[in-house]
Every structure is written in structure tokens, then in C-alpha cells.
Amino acid sequence: MTTQAHDAAAPVTSTTVAPRLPRRAGAGTVRLSQRDIDGLMLCGEHYGAPFDLLAAALGVSEERVLAITARWRRAGYAETGRLGPGPGWCWLTREGMTATGLGFTVVRPALGRLAHIRAVLAARIWMQDSRAWSEWQPWWDCERRLHAGQAAGRGGHMPDAEVHWPSLDGCSYDGQVWAIEAELTPKGAARTARIMGGLLVPVRYAQVVYLTAPAARPVVLRAAATLPPADRARVVVRDLPSYALTGEPR
């Protein structure tokens with residue numbers, strides 16, 4: 001048998017590897033909607049967010065927010081867990097901070113600050129539900145940005161947030177900046193008055209808005225009453241919404 005014949009009769013085993021199809025752009029990644037971006041930014045700005053308030057801020061059900069945060073976890077942008085009584089929490093990872101461009105230190109929300117973080121976020125949601133906010137879209141400057149500014153040389157007491165109203169014709173608060181304070185527990189009236197005075201003199205804020213728990217409200221009102229009339233008129237005291245304290249439905 002000739003070599004040619006032998007080659008023709010032998011079974012043929014191909015070692016050729018089929019060419020791989022090109023990888024679809026974005027395969028294996030999570031596509032983010034504007035709602036995802038808004039939620040990630042919110043978690044980063046507030047150290048973290050409990051699921052019920054995150055759902056309220058995004059306008060979805062709590063069941064839906066579980067699926068949303070699960071997608072963020074798969075993308076490596078967030079972690080979730082139960083940090084204390086009540087709903088679970090979501091906070092950003094290093095990858096999440098990088099993706100959002102916030103650049104804050106990556107920390108899990110501290111147990112001792114959960115109630116305060118919740119109260120400030122609830123205050124933001126409550127204010128954003130207002131007609132004026134919807135109409136004029138002011139800027140919420142979060143505590144983390146304010147502390148970063150303080151580290152860069154800005155002194156004095158830092159409020160829990162600032163609200164910057166746009167300079168637009170017809171805006172009732174044209175160009176004003178408000179200080180936002182969420183008070184859960186009563187401090188000494190003298191100390192509270194000093195904080196108020198520091199925010200009002202020199203004129204740093206057009207208004208200082210205190211959103212208080214029931215226990216803190218009497219002390220805040222007493223402190224405001226000690227201020228000169230012109231300063232007292234710039235202090236606004238309101239109740240925190242109930243969901244800031246108890247996790248009740250909005």
C-alpha cells in the first residue's frame with residue numbers, strides 16, 4: 001500500500017479550532033440606568049442608605065430595591081447587610097466610589113451613626129418631596145462634601161447639609177443657601193445656641209433649618225429664643241418626618 005493510499009484510508013481527526021466569536025461589548029457588566037446612578041450617588045453621599053429610604057428616594061418598592069442593590073453587588077459597586085435593627089443597608093465599595101467619582105473614604109456605616117445617617121437622608125427625601133424643590137431643583141450639598149471642604153481650610157461648625165437654591169427669576173429663595181441640621185437628641189441649650197450663632201454670624205446662611213425629633217425640639221426652640229430677633233427670624237424649626245425615626249412607611 002502506497003503512502004498516498006494509506007493517507008486516504010486513515011480516519012481524519014481535525015485539530016483545527018473554530019474561531020471564537022467576538023465578545024459582545026459590555027458582556028459581563030451591569031448596564032446602569034439613571035436611576036442606578038442616582039441611587040449609587042445617594043449611598044455614597046450619605047455613607048450608606050437603609051433599604052426603605054433608598055426605595056423611597058428611587059421611587060420603587062422595597063422588593064424592587066433588593067433586586068437593584070443585588071445588581072450593584074454583582075457589579076462590585078456596593079455591599080449590603082443588616083447593620084442594626086430595621087431594614088438592611090447598602091453602601092459603596094472602593095469600585096463604587098471610583099465609578100461615581102465621589103472619592104470619599106470607603107467605610108461601612110458606623111453603628112453609632114446609623115440613626116443620624118437615617119435622619120439626614122429622611123430629611124433630604126422630605127424636602128425633595130416639596131413643591132418648591134420640584135419646581136426649582138436646588139442642590140443638596142452633603143455632609144461628606146462639607147467635611148472635605150473643612151479639611152481643606154474651611155472652618156466653623158459644619159451643618160448636616162446645605163441646600164443651594166438657584167439664582168433664577170421667580171425663585172422664592174433666589175440664590176439662598178440654607179443650613180440643614182437633623183437633631184435627634186437634646187443637647188444643652190447654650191451649646192445649641194452657640195452652634196446656631198456660628199451658622200448665622202457672620203451671615204453664612206439665609207436660613208438655618210432644624211428638623212427635630214420630639215425629644216430635641218424643646219431645647220432647639222429654647223436656644224433659638226435666646227438669639228437676637230433678626231437672627232431668630234432666620235431659624236426654622238420643623239419636626240422630622242416619622243419615617244426618619246421609626247422606619248414607618250412614608
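The model is predicted, so local features need pLDDT of at least 70 and side-chain atom pairs count only at pLDDT 80 or more, while totals for chains, interfaces and linings use all residues. Residues are numbered from 1 along each chain as its sequence is written, and side-chain values use heavy atoms, with hydrogens and water left out.

## Overall make-up

The protein chain has 12 helices and eight strands. Helices (H or I, at least four residues) and strands (E, at least two) are DSSP runs numbered from the N terminus. Of the 250 residues in the protein chain, 41% are buried. Buried means under 20% relative accessible area, exposed over 50%, and partly exposed in between, with a 1.4 Å probe and protein chains only. Among contacts (heavy atoms within 4.5 Å) between residues at least 6 apart in sequence, 61% join residues at least 24 apart.

## Helix α9 and its surroundings

Helix α9 covers residues 189-200 and has 12 residues; its first and last C-alpha atoms are 16 Å apart, close to the 16 Å expected at 1.5 Å a residue. The expected span is 1.5 Å times one less than the number of residues. The buried residues of α9 are T192, A193, I195, M196, L199 and L200. Seen down the axis of α9, these buried residues fall within an arc of 160 degrees, so they line one face of the helix. The arc is that of the directions from the helix axis to the C-beta atoms. The face turned away from the buried side of α9 carries the exposed residues A190 and R194. Elements that cover the buried residues of α9 include strands β6 (177-183), β7 (207-212) and β8 (235-239), together with helices α10 (217-225) and α11 (229-232).

## Two helix pairs

The table sets out the two pairs. Axes are lines fitted to C-alpha atoms, for helices over the stretch in contact, and angles run from 0 to 180 degrees between N-to-C directions.

| Pair | Angle | Axis separation |
|---|---|---|
| α3 and α6 | about 20 degrees | 10 Å apart |
| α9 and α10 | roughly 60 degrees | within 8 Å |

Helices α3 (residues 51-58) and α6 (residues 114-128) pack at an angle of about 20 degrees. That makes α3 roughly parallel to α6. The axes of α9 and α10 cross at roughly 60 degrees. That makes α9 oblique to α10. Angles under 35 degrees count as roughly parallel, over 145 as roughly antiparallel, 65 to 115 as roughly perpendicular and the rest as oblique.

The crossing of α3 past α6 is left-handed, whereas α9 passes α10 in a right-handed crossing. A crossing is left-handed if the near helix is turned anticlockwise from the far one by less than a right angle, and right-handed if clockwise.

In the α3 and α6 pair, D52, L53, A56 and A57 of α3 meet R118, L121, A122 and I125 of α6. In the other pair, A189, T192, A193 and M196 of α9 meet V219, V220, R222, A223 and A224 of α10.

In α2, the buried residues include D36, G39, L40, L42, C43, G44 and E45. Just after α2, Y47 takes a positive phi of about 75 degrees, although Y47 is not a glycine. Y47 is found in the loop between α2 (34-45) and β1 (49-50), and counts as buried at 17% relative accessibility.

Q137, also a residue other than glycine, has a positive phi near 50 degrees. Q137 lies in the loop between α7 (131-136) and β4 (139-142), and is exposed, with a relative accessible area of 54%.
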